[in-house]
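The structure is shown first for reference.

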Amino acid sequence: MLRKLLLSSAIALALSACGERTANENAMPDSSATPAGAAQGDNALLAPSPLPFQAPPFDRIRDTDYQPAIEEGMRQHLAEIRAIADNPEPPSFANTIEAMERAGALLSRAMLVFEAMTSAHTNPTLQAAEEVLAPKLAEHSDAIHLDPALFARVKAVYDQRDSLGLDAEQKTLVEHRYDAFVRAGALLSDADKAELRKLNAEESSLTTAFGAKLLAATNAGAVLVTDKARLEGLDEGTLAAAAEAAKAAGKEGWLLELQNTTQQPVLGKLKDRALREEILAASMNRAARGDDNDTRATILRLAKLRARKAQLLGFDNYAAYAIADQMAGTPEAALKLLNDTVPAATARARAELARIQAVVERQGGGFSAGAADWDFYAEQVRQAEYDLDEAQVRPYFELDRVLRDGVFYAAQELYGITLKERTDLPVYHPDVRVFDVFDADGTQLAVFYLDPFKRPSKRGGAWMGNFVEQDGLAGTIPVIYNVENFTKPAPGQPALLSFDDVTTLFHEFGHALHGLFSRTTYPSLSGTNVPRDFVEFPSQFNEHWALYPQVFANYARHYQTGEPMPKELVEKIVRARTFNQGYATTEYLAASLLDLAWHLLPADARVEDVDAFEKQALARYKVDLAAVPPRYRSNYFAHVWGGGYAAGYYAYFGAEVLDHDAFKWFEENGGLTRENGKVFREKILSIGHSRDLASAYREFRGKDPSVEPLLEFRGLK
Ligand SMILES: [Zn+2]
């Protein structure tokens, strides 16, 4: 989307962040593509939608409309940018900064719908368009940020920003726009610019190379088993998939393929200890075997290159560069967040290990339990102490009831909003539902689309996005969607959810609330266009209401009898939340700290051994528990070497600290009340990125966020 090109894309980040919660699956193409070559004259994306609130005209958009509309959008946008850069008038806020906000309307409109469809309802035509457009969009961004005439005007406004009579939001906008240019290298000498461009190009090809090597190494790391007896403990479905994988690889037997994390799902079930250890070793040593797929040389070069890039741009290290525009602001702040949690998390992990060891002893195991044994024995502890029978729980979580009497109910109690379903707007799939969102005084705030069920044209996970952004300049209200991947019931049957699904529904609606309460003037600062260590805060915060007694009692009723859920079952759900949190928190902290350690290296650092560096870093941060390896080791840490999370893996945790701390404030002030909701809406949910978020949070909370409520919730205290 457009915002991704100019600032950071909170929507894309929200997508990837939510993707972390759920396993990905491959989207399969469907056959709804329309024939290519339709005349551009009737391209429904070229003009603003005539529907209420500019809702996308899905009844008229053809798959072949997107690419030409986006290409035309880039052309128009560049022409508008050219006119701003070449304006003979002296630069002003209105003719430069605000004009840039107004530019690119077609590109933005087409991209928002395109990105929604390529994730939620794709097909070969859209996939082909994506491939063609990706490099063109990257070039488009460069053409804007490397335009010296445009930058000169932005800088002129920035330099006088204190004497122009700007309001707080306008000043923030000027600073964001200026920073985006500076972070792209606009202030550098020509020689340094040339070096930066070279480093960027090298970084881009190295991250691609990392991805390719890792994929090959992960495939090569799959463990082949030829003796079925060794697979005791695996269920029929897993066995069938392993047999299928072996066949596809042209091998006899069962092929256990590696997942992206250190721990592997099969380790929770396999009884054969030697096989468990073999699989864990395959996972941890992937891409580190000294062959063509070894990523370690690539990592060393990437770390060095990023440190040099940061140095060119005036930072001590890459972490300082990457975190400067995040809520944490500095690597020290991010480190403190993680370090403060290490003692409690590792203490809890050690206690969990002791219980696992006790099970091993009781069963006459005669060995010290390690990382390869953890899930197998933890699963036995879980079954004994927390066992939750899905089949028992689901009848109390009927989708429509959870939605209306849970998710919407909590929002009404807190914020006074109501949602009313409408059926007159076109949708892109018959499962999609549309709601008008009204404020307490009856004014319409937003339009909300819900796309609940899994299907082959949808990627895995759950996410939120905008079809139309809240834009005070253009006068548009937000048109928002939530996409989930719930199992679709047979015709005539109710959709019964797991508690995980219920939590996801609350989570995504939390993003929706962040979008629909937005009241900024400038679209690039609106709604969820916030840093990645803040964007998951409103969504994770909203999850808390799922188990809030007043809300839970309102929606968790048997779909046939209307009876409330029995107390014992509710207690099991509550208790299960703290299961294995010592392990989960420690493996996450270890990976986050490892990410920061790599990106805190100065440009002149000499690191020659990836494994030794990793070992020292984990020891330095006191997260070197043999039984709890990092969630990702350096050699297969795709978030930081292949994706956009370099020095940013901590962000999930940063947002989690905020959501628990904010919920604590609600608890301290009477919980689910309109008064509390009003404060939270005004001070957090409506401001987008129109001001500094750390100070906005401080104003809301009366103090800086504390990690204590999170530790309590995870049972780490
Ligand atoms: Zn999310």
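The numbered points below take up the basis of the model, its domains, its sheet and a helix pair.

1. Basis of the model. The model is predicted; local features are reported where pLDDT is at least 70, side-chain atom pairs count only at pLDDT 80 or more, and totals for chains, interfaces and linings use all residues. Residue numbers start from 1 along each chain, following the sequence as written.

2. Domain division. The chain is split into domain 1 (2-24 + 43-203), domain 2 (220-284) and domain 3 (399-531), with bounds that come from an automatic or database domain assignment. Between the C-alpha centres of domain 1 and domain 3 the distance is 25 Å.

3. Contact between domain 1 and domain 3. Here 37 residues of domain 1 meet 37 residues of domain 3, a contact being two residues whose C-beta atoms, placed from the backbone, lie within 7 Å. On the domain 1 side, at least two residues each come from helix H1 (2-6), helix H2 (10-19), helix H4 (93-102), helix H5 (105-120) and helix H8 (168-183). Helices (H or I, at least four residues) and strands (E, at least two) are DSSP runs numbered from the N terminus. The most is given by H5, with 7 residues. By class, this side of domain 1 has 20 nonpolar, 10 polar and 7 charged residues, where Ala, Val, Leu, Ile, Met, Phe, Trp, Tyr, Cys and Pro count as nonpolar, Asp, Glu, Lys and Arg as charged, and the others, Gly among them, as polar.

4. The sheet. Five strands form an open sheet in the order E3-E4-E5-E7-E6, with mixed pairing; two strands pair if DSSP finds at least two bridges between them. Strand E3 (418-422) and strand E6 (463-468) are the edge strands, each pairing on one side only. From one strand to the next the twist averages 30°. E3 and strand E4 (residues 433-438) run antiparallel and are joined by 5 bridges; lysine 420 has aspartate 436 in E4 as its bridge partner.

5. H5 on the sheet. H5 lies across strand E5 (444-453), E6 and strand E7 (479-486), and runs at about 145° to E6. Angles run from 0 to 180 degrees between N-to-C directions, and axes are lines fitted to C-alpha atoms, for helices over the stretch in contact.

6. A helix pair. Helix H23 (residues 581-599) packs against helix H24 (residues 610-620) at an angle of about 120°, the axes being 10 Å apart. Ala590, Leu593, Leu594 and Ala597 of H23 make the contact with Glu614, Ala617 and Leu618 of H24. By class, this contact has 6 nonpolar, no polar and 1 charged residues.
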